[in-house]
Amino acid sequence: MSTNAPPPRDLTPLATLDPQHKPHVDDLPTSTPPHGGDRLLRQNLVSGGHKRSIRSVAWKPGTRGESVLATGSFDASAGIWRKYERNAGAEGGVVLDEGDFTGGGGGEGMRGMQSQMTTTPSARDKSVWIWEELEDDNFETVAVLQEHEGDVKCVAWHPSEELLASASYDDTVRLWREDLDDWGQCALLSGHRGTVWWVEFEGVEGPNGVPSILRTSSIEEDWVEETRLPKAHGRAIYTATWSKKTGLIASTGSDGKIVIYQERWKSDASASASAASEVNGDAMDTSDGTLLAEGNQKDSSLTEWVIIAEIEGAHGVFEVNHVCWARRCDKGKRSSEEEVIVSTGDDGEVKVWTLDG
Amino acid sequence: MEANKDNANPTILNQSDLPSRRSDSGVKKRDDGGTGLFDSLVPAYTYLTDPFDQPASSSDTDDDSVEEIDEQEIYDLISTISDPEHPLSLGSLAVVNLPDIHIQPPSSPRSPISTVLVEITPTITHCSLATVIGLGVRVRLEQSLPPRFRVDVRIKQGTHSTDEAVNKQLGDKERVAAALENGTLMGVLKKMLSTCE
């Protein structure tokens with residue numbers, strides 16, 4: 001950012017949802033919600049599975065005919081919840097099954113997983129568990145990864161590869177691959193000077209994710225810091241998330257701001273625009289209020305990230321825990337591709353925002 | 001029992017020596033924690049503070065004007081917390097001290113958020129209860145202050161052997177939330193906070 005000129009675009013509130021449960025909405029599944037905009041309705045209330053706070057939740061991607069949700073809780077268990085779609089007009093035909101796990105849920109087949117959550121300040125778990133769904137509701141532990149030196153705050157699967165990223169209280173991001181039937185750490189990213197609260201891969205378009213068919217004997221990979229997003233947050237950043245459609249990044253955190261960043265060609269490099277190759281990206285954020293993007297096969301000198309919109313106090317005076325992008329579905333949508341930003345805060349509210357201008 | 005304590009013989013301050021508004025008549029205590037020794041050398045630019053700092057009396061209580069909260073008020077909230085191993089207050093043990101409380105206004109005119117930074121001084125450098133004391137201070141302030149305040153509790157630099165680790169722990173929202181769901185720890189905190197008001 002050059003000066004203090006206001007960002008060119010506006011974040012405008014579209015709707016506030018009432019989730020009707022206690023304050024502190026920590027997490028939102030990063031998936032397209034069933035409704036959008038002013039017609040947002042709370043569909044179902046899932047309760048009774050966990051004994052303590054639920055810290056994270058994620059949809060199983062790429063399913064048809066059923067919806068599967070994975071949850072991770074302070075009670076040191078992860079749950080798998082299923083909703084079967086019944087076509088024969090059976091309204092409200094909702095069946096919820098809960099798997100009873102002592103570690104994390106998810107795995108290769110299901111591509112959603114949780115790290116085991118912390119229980120007490122003294123006995124804290126630092127491991128990442130990978131589970132595989134063998135058949136319906138039968139999960140097997142594939143790996144327990146124990147390299148982290150602090151609790152694991154977030155995990156993310158690569159969109160097209162068997163590559164897992166985990167972010168931790170130990171200020172690092174670790175990348176994991178399966179090597180000869182064993183999962184091992186293939187990279188350690190240590191650019192942050194505070195807890196890394198979020199990690200997420202950039203979406204991969206099409207089937208270009210074939211970078212490593214030929215393997216050397218080592219699974220070590222070199223990941224380099226590609227860029228640092230303009231500093232916009234004064235306190236810890238809790239989420240930075242890529243729009244799969246537009247490539248914009250939204251971030252939020254303890255200072256209550258939501259900031260939108262865009263990658264654009266540097267003006268003096270626009271001529272060679274087509275030369276850039278973009279393969280892998282990975283966004284992270286930390287307690288020191290900086291956002292790093294790291295890539296492993298990208299010419300970074302041609303582009304720069306700029307802030308295109310920001311709003312202070314998105315949830316009033318409260319911290320904002322999470323933002324995600326979702327397809328806009330209400331009548332007011334301006335195109336079939338338009339996205340909204342959904343945010344959750346310590347005020348217990350879920351807010352929907354449009355990006356105008 | 002005495003032998004198990006980390007610090008069996010802490011230094012205790014007299015109640016009358018603790019900072020309070022009532023003691024203003026005696027030695028003038030400055031909010032910024034200075035000694036006031038050089039006050040007489042500094043010209044008194046009273047016009048800088050007078051017209052704007054005075055809230056328009058009590059008539060505006062029904063509008064949404066932000067109520068001012070100063071360091072003394074923060075001190076009053078946390079100095080009465082009991083030490084987890086002594087039947088004494090954090091104020092009288094000089095674990096919390098007025099000069100180590102800092103209120104930072106919003107970082108920009110559009111931001112609604114202020115920050116309270118409290119630096120605590122453990123009674124001895126290896127006090128294992130520093131985290132619990134810090135947690136008690138954070139919980140007390142988060143329960144009593146309006147939500148526009150972000151509460152940062154840190155160990156005063158150089159007063160504790162593992163201060164950075166404790167600071168990081170106290171600043172971690174998730175760890176604090178998990179701690180507050182821990183029954184044993186909550187019991188300790190309840191006892192510490194039972195002497196507040």
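α3(B) and α6(B) are roughly perpendicular to each other, because their angle falls in the 65 to 115 degree class (under 35 degrees would be roughly parallel, over 145 roughly antiparallel, and the rest oblique). Before going on, a word on the model: it is predicted, so local features need pLDDT of at least 70 and side-chain atom pairs count only at pLDDT 80 or more, while totals for chains, interfaces and linings use all residues. Residues are numbered from 1 along each chain as its sequence is written, with chains lettered from A and ligands numbered from 1 in the order in which they are written.

Helices (H or I, at least four residues) and strands (E, at least two) are DSSP runs, numbered from the N terminus. The axes of α3(B) and α6(B), the latter covering residues 183–193, come within 10 Å and cross at roughly 65°. Axes here are lines fitted to C-alpha atoms, for helices over the stretch in contact, and angles run from 0 to 180 degrees between N-to-C directions.

So who touches whom? From α3(B) come Val132(B), Leu135(B), Gly136(B), Val139(B) and Arg140(B), and from α6(B) come Val188(B), Leu189(B), Met192(B) and Leu193(B) (in contact means C-beta atoms, placed from the backbone, within 7 Å). Sorted by class, that's seven nonpolar, one polar and one charged (Ala, Val, Leu, Ile, Met, Phe, Trp, Tyr, Cys and Pro count as nonpolar, Asp, Glu, Lys and Arg as charged, and the others, Gly among them, as polar).

Now for another neighbour of this helix. The axes of α2(B), residues 71–78, and α3(B) come within 9 Å and cross at roughly 120°. That makes α2(B) oblique to α3(B). Here Ile74(B), Leu77(B) and Ile78(B) of α2(B) meet Val137(B), Arg140(B), Leu141(B) and Ser144(B) of α3(B). This contact has five nonpolar residues, one polar and one charged.

Next, the sheet. In chain B, three strands make an open sheet, ordered β1-β2-β3, with mixed pairing (two strands pair if DSSP finds at least two bridges between them). Its edge strands are β1 (101–104) and β3 (149–155) of chain B, each pairing on one side only. Averaged over the sheet, neighbouring strands are turned by 15° against each other, direction ignored. α3(B), residues 130–144, packs on this sheet, touching β2 and β3 of chain B, and its direction makes about 165° with that of β3(B). As for β1(B), four bridges join it to β2(B), residues 114–120, and the two run antiparallel. One bridge pair to look for is His102(B) with Leu117(B), the latter in β2(B).

How values were computed
Contact = placed C-beta atoms within 7 Å.
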